[in-house]
Amino acid sequence: MAKTIYVLNGPNLNMLGTREPDTYGSATLADVEKLCADTAAGFGLKADCRQSNREGELVDFIHEAYARKASGIVINAGAYSHTSIALHDALKAVQIPAVEVHISNVYAREEFRHHSFTAKAAFASLCGFGIEGYRLAIKGLAAKIGAAKSSATSPS
Ligand code: DQA
């Protein structure tokens, strides 16, 4: 059976495509989830994509990833990245290799975006690549967990 990775998106990321396009681009969350599914498939992985505007539900998704023996997590916790000790603690609790993604370059933006609690619980962080960051995160995660490129669907 294919290994599963969880792709978790936090608050306001359901608004991608219409939300501040100068900052976040024109791709929708559906586009992001397709990109993730296709990239994961290229490594023989299944991407289970979830989005929530609620902190506790994101914590629940992380626990669910553990219960379902997920092999990795890609997380863009949106604004909760900068505020949520609960998400930090959940990631630490499950000990699943996690990569943090931000679509925008948070370091070139307001100072309150420069600190991330989720980054402290992740083995890697990416920001500023637009939605391409999700593809890069899955590639890096695949390397980390030893998932080889699948000949059926080769990732670009
Ligand atoms: C974001 C950056 C956060 O600061 C912001 O609150 C978001 C999106 C990003 O993907 O660039 O909601 O995580």
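I began at the end of helix α6, where G146, just after the helix, takes a positive phi of about 75 degrees. I note here that the model is predicted, and that every value in these entries is computed from it.

Next I checked the length of α6, which runs over residues 132–145 and has 14 residues.

I then asked which residues of α6 are buried. The list I wrote down is G133, Y134, R135, A137, I138, L141, A142 and I145. An α-helix has 3.6 residues a turn, so residues three or four places apart point the same way. Looking for what covers these buried residues, I found that the cover includes the strands β1 (3–9), β2 (45–51), β3 (72–76), β4 (98–102) and β5 (124–127), together with helix α2 (29–41).

I turned to the ligand and listed its surroundings, which are R19, Y24, N76, G78, A79, H82, H102, I103, S104, V106 and R113. By class, this shell divides into 4 nonpolar, 5 polar and 2 charged residues.

For the polar side chains I looked up distances to oxygen atoms of the ligand: a polar side-chain atom of S104 lies 2.6 Å from one, an N or O atom in the side chain of H102 is 2.7 Å from one, and the corresponding distance for the side chain of N76 is 2.8 Å. Taken alone the ligand exposes 320 Å², and I noted that the protein buries 99% of that area.

Note on methods. Residues numbered from 1 in each chain as written. Predicted model: local features only at pLDDT ≥ 70, side-chain atom pairs only at ≥ 80, totals over all residues. Heavy atoms only, no water. Near = heavy atom within 4 Å. Polar contact = N/O pair within 3.5 Å; in protein donor to acceptor, adjacent residues only side chain to side chain. Areas by Shrake-Rupley, 256 points an atom, 1.4 Å probe, with all protein chains shown as cover. Nonpolar A, V, L, I, M, F, W, Y, C, P; charged D, E, K, R; others polar. Helix = DSSP H or I, 4+ residues; strand = E, 2+ residues; numbered from the N terminus. Expected span 1.5 Å × (residues − 1). Buried < 20%, exposed > 50% of the residue type's maximum accessible area, 1.4 Å probe, protein only. Contact = heavy atoms within 4.5 Å.
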